[in-house]
Amino acid sequence: MSQQPRSGSRARDPDDGNLSLVDCDVHPYLRDEDDLIPYLPKNFQSQGVFYPKGYWSSPIGVPREDAHPDDGGPPGSDPAKVADQLLDPFDIDYAILTGGGPSLAASTLPNTYYAGALTSAYNDWLIDDWLSADDRFLGSISVATQNPEHSAKEIHRLADHPQMAQVIAGSATRIPLGQRNYWPIYEAAEEEGLPFAIHVGPEGRAFTNPPSGAGYPNSYFERHTVLPANFMGQLVSMVLEGVFVEFPDLNFVMIEGGFGWVPHVLWRMDKNWKGLKEQAPWLERPPSEYVRRNVRFTTQPIEEPEKSEHLLQIFEMMHAEETVMFASDYPHWDGDSPAHGLPPLPEGLSNAIYHENAQELYGL
């Protein structure tokens, strides 16, 4: 990542307390997955740490090779290295830690009891090893969506931690996220004033649906390209099933699923709502209005049209000044640099994307 100053950004004055940059997608990795075993309930400790792993192998790997800790270990597994390589050089005020490995894949485990226990173990490890290391790290409470009752308890257990900023789950599911069996999760998140986020990654593993509506792809290249398809289905389900009617104060964050598709889905939902609203009689307004009020999207992987003005048009069509937040996706191979991941933006839009929208959402 380049360390050049960001175009269109506002310099932070350390004395006025204003923010200049919030990174909404940073992955903290385990040095060793067995580090979670002491955090598991005794009845699961003998089974160790297991979860469905990637079925599609990237020929160039997923994490950056230069993100290995200086004393060895997996990339992204040393909080001090992340600070040296990302937070300090780019003057990042806060990094939202979005999990990885077992935390995001827990929702694909057939054993719902173990899935819940695994997310609790990961959350406790995150507090001990990362949140205590640097107060610029903000955590996400990982939950297993196939166990809504445990997830709700986990949200209430950890919501008071001052560095827990949101609830998160992998976006892979067996049935769409808008359906009512998930609602205890949303009720708990809304009650605690925490956004509920989903992150791409485990789509297609174990019992979950294919990454695309077309089925299971052959290659990592194909899978990586179609991941937004699952996000489209999850967003439409959340809106049309009435989640944001039942929980009007719930904020929903969609991480690493792109956003160029958003205007198309909004237009399509609004058009169909005019003729088919009797199938969603609980909706009190056009679907796009719920998205604008309740949903936020992160930038990485940034869309890269040939003409940068086309990106600005997409931002305009999805009200990015209210709905989009910057994310680097550190330490992944296709991460976006805070310095030049996005093209130059108008100052007001730049401030909104780089820090103001996240500042408002997370109460920073």
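1. Start with one term: a residue is called buried when its relative accessible area is under 20%, exposed when that area is over 50%, and partly exposed in between. Keep in mind, too, that this is a predicted model.

2. With that in hand, look at Arg157, which is partly exposed because its relative accessible area is 42%. Its salt-bridge partner is Glu154, and the closest N and O atoms of the pair are 2.8 Å apart. Glu154, at 3%, is buried. Both sit in helix 5 (residues 148–158), 3 residues apart, so about one helical turn separates them.

3. Now for a pair that reaches further along the chain. Asp88 and Arg136 form a salt bridge, with 2.7 Å between the closest N and O atoms. Asp88 is in the loop between helix 2 (79–87) and strand 2 (94–97), while Arg136 is in the loop between helix 4 (112–131) and strand 3 (137–142), so the bridge ties together parts that are 48 residues apart in sequence. Asp134 joins these two in a network of salt bridges.

4. Glu322 and Arg292 make a salt bridge as well, at 2.9 Å between the closest N and O atoms. Here helix 13 (residues 320–323) gets tied to helix 11 (residues 287–294), because Glu322 lies in the former and Arg292 in the latter. The structure holds 9 salt bridges.

5. Next, the surface: Asp32, Asp34, Asp35, Asp128 and Asp129 gather there in a patch of negative charge. Asp32 belongs to the loop between strand 1 (22–26) and helix 1 (42–45), and counts as partly exposed at 39% relative accessibility.

Definitions and conventions
Residues are numbered from 1 along each chain as its sequence is written. This is a predicted model: local features need pLDDT of at least 70, side-chain atom pairs count only at pLDDT 80 or more; totals for chains, interfaces and linings use all residues. Side-chain values use heavy atoms; hydrogens and water are left out. Patches are made of residues with over 30% relative accessible area and no salt bridge: like charges are joined within 9 Å, nonpolar side chains (Val, Leu, Ile, Met, Phe, Trp, Tyr) within 5 Å. Accessible areas come from the Shrake-Rupley method with a 1.4 Å probe; for residues, only the protein chains shown count as cover. A salt bridge is a side-chain nitrogen of Lys or Arg within 4 Å of a carboxyl oxygen of Asp or Glu. Lys and Arg count as positive and Asp and Glu as negative; His and the chain ends are not counted. The place of a charge is taken as NZ of Lys, CZ of Arg, CG of Asp or CD of Glu. Helices (H or I, at least four residues) and strands (E, at least two) are DSSP runs, numbered from the N terminus. Buried means under 20% relative accessible area, exposed over 50%, partly exposed in between (1.4 Å probe, protein chains only).
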